[in-house]
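Here is a short briefing to read alongside the model. Have the viewer open as you go through the points.

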Amino acid sequence: MSSRVIFPRTDASVLADDGDTLSFCSTCAFSQACLSEGMDKAALMDLHVLVEHVGPLQAGEHVFREGDAFGAIAAVRAGTVKTYQIDRDGHEQVLGFHLPGEVIGLNAIHGERYPCNAVALDTVMLCRFSFPRIAMLASRLPNLQQHLFRLMSRDIGVASLFARDNTADERMAAFLIGLSRRLAARGFSPRRFQLTMSRTDIANYLRQAPETVSRVLRRFESDGLVHIKQRDVEIADLPRLEALALAVLRD
């Protein structure tokens, strides 16, 4: 039973951050905030020593489980993490998919316990930040504190995206455009990427039936919006897909 809790515990799967003394990781969730303070990694050793590299975690391994004591947040360094809850009837409800450079665990701050489960969908590496220590550092660095607030605000906004009454096409378009923009923000291709999550998980997240998701993707392909080969996606008509997603994303 004790071996199930991976994230809050420091053990052999946690590696010290002994990387480049000048540069942050390209997917670092906090580098922009720190660099805006005029500091590189060498000048910000306080943050450097806060970081522990966790992993690799294999597909199906949990980062944390609902009810685990909260003590740290994590930035995804590689791979994809799914967050989910189990409802009273024992059904899974997918809350989100977290990509490199994105942070998990912020929703545990208030209750001091993780309110959901987080599981690796593929091979995942994480950067673990002790929350008490990063909160103390943020109190000295206004831009870092504001960045934490923005991350929390983003989580709230994303959680409400698919609560509205949108069509299946609008939901799927918003999902694909959302992935495209999030990957582009971290330097990856906005047009070609892989769906690391299953069709069933996507359907659950979009609050649709799996058959609906498959049908919409086939229609998108026949309409020339995307090209799909197994889990590989290429957005063929970005402007049209963005226009369809606008009803959900409202940007």
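**Cysteines and burial**

C116 is buried, at a relative accessible area of 2%; buried means under 20%, exposed over 50% and partly exposed in between, with a 1.4 Å probe and protein chains only. This is a predicted model, in which local features need pLDDT of at least 70 and side-chain atom pairs count only at pLDDT 80 or more, while totals for chains, interfaces and linings use all residues. Residues are numbered from 1 along each chain as its sequence is written, and side-chain values use heavy atoms, with hydrogens and water left out.

- C127 also counts as buried, with 11% relative accessibility.
- The disulfide count is 0, where a disulfide is a pair of cysteine sulfur atoms within 2.5 Å.

**Around L57**

- L57 belongs to strand β2, residues 51–57; helices (H or I, at least four residues) and strands (E, at least two) are DSSP runs, numbered from the N terminus.
- With a relative accessibility of 2%, L57 counts as buried.
- Between L57 and D122 there are 65 residues in sequence, yet the C-alpha to C-alpha distance is 7.9 Å.

**The three-stranded sheet**

- Strands in the order β10-β12-β11 make an open sheet of 3 strands with antiparallel pairing; two strands pair if DSSP finds at least two bridges between them.
- β10 (192–194) and β11 (226–229) are at the edges with a single partner strand each, so one side of each has no neighbour in the sheet.
- From one strand to the next, the twist averages 20°; axes are lines fitted to C-alpha atoms, for helices over the stretch in contact, and angles run from 0 to 180 degrees between N-to-C directions.
- β11 pairs with β12 (residues 232–235) in the antiparallel sense over 4 bridges, and K229 has D232 in β12 as its bridge partner.
- Helix α5 (residues 168–185) packs on this sheet and touches β10, β11 and β12, with its direction at about 105° to that of β10; contact means heavy atoms within 4.5 Å.

**Two crossing helices**

- Helix α6 (residues 199–206) and helix α7 (residues 210–222) have axes that come within 8 Å and cross at roughly 100°.
- That makes α6 roughly perpendicular to α7, a label for angles of 65 to 115 degrees; under 35 is roughly parallel, over 145 roughly antiparallel and the rest oblique.
- On the α6 side, R199, I202 and A203 meet P210, V213 and L217 of α7.
- This contact of α6 with α7 has 5 nonpolar, no polar and 1 charged residues; Ala, Val, Leu, Ile, Met, Phe, Trp, Tyr, Cys and Pro count as nonpolar, Asp, Glu, Lys and Arg as charged, and the others, Gly among them, as polar.
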